[in-house]
Amino acid sequence: MSTRFVRLLLMVGWIVLGGAGVVRAQEPTGSLFPNRFTGRQLVVTTGHDENRPEYRLLDNGLLFYREGSTGAFQQLGQQPKDKTLEWFRRAEQELKVKTLTAAKPETPAASVGWKKGKTEFTVAWADKKDAPDGYRDFYEDFLKLFPKKKK
């Protein structure tokens, strides 16, 4: 075998393996369904009724929507990794969603939740003016991630 041929094979192998690694790095990891996802999730709900919409951001960046707590999830897109990390940082560090103790209304108008596996923390409020500090802004900004037809 000539040196040129060996170099050519090495270059082709390097391109194929390098390209496969790049493609693999962009795909979300873990389950693609929120009800089986074991990573972190941000869950936002709106409205009083039984079929109130639910919006989710998984820590792999996938965005989901469903009507009511028993409806099927619909994937609506994916956030870049840096923006996804920023959303979780806001919820965990600024809002302290895992440690905040707030009165839970009987019929919440909105809620923001954090979930990982079977562990779940939720902060709910009955009226926009009753939302804990920072939660109303977080809630409104979070809903902007989703298409208007799903709000």
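This is a predicted model: local features need pLDDT of at least 70, side-chain atom pairs count only at pLDDT 80 or more; totals for chains, interfaces and linings use all residues.

Trainee: Why is the pair of Phe138 and Phe142 called stacked?

Mentor: Their planes are 20° apart, and planes under 30 degrees apart count as stacked. The centres are 6.0 Å apart, and the limit for a pair is 6.5 Å, so they pair up and stack. Phe138 and Phe142 are four residues apart in helix H3, so about one helical turn separates them. Phe142 is buried too, at 0% relative accessibility.

Trainee: What makes Trp87 and Phe138 edge-to-face?

Mentor: The angle between the planes is 80°, and over 60 counts as edge-to-face. Centre to centre, Trp87 and Phe138 are 5.2 Å apart. This pair links distant parts of the chain: Trp87 belongs to helix H2 and Phe138 to helix H3, 51 residues apart.

Trainee: Why does Trp87 count as buried?

Mentor: Its relative accessibility is 9%, and the cut-off is under 20%, so Trp87 counts as buried. Trp87, Phe138 and Phe142 are among the members of a cluster linked by ring pairs, including also Tyr55.

Trainee: How do you know that the charged end of Lys98 sits over the ring of Trp114?

Mentor: Lys98 is 4.5 Å from the ring centre of Trp114. The distance cut-off is within 6 Å, and there's also an angle limit, within 35 degrees of the ring normal. Arg40 lies over the face of Phe88 at 4.4 Å from the ring centre.

Definitions and conventions:
Residues are numbered from 1 along each chain as its sequence is written. Side-chain values use heavy atoms; hydrogens and water are left out. Helices (H or I, at least four residues) and strands (E, at least two) are DSSP runs, numbered from the N terminus. Buried means under 20% relative accessible area, exposed over 50%, partly exposed in between (1.4 Å probe, protein chains only).
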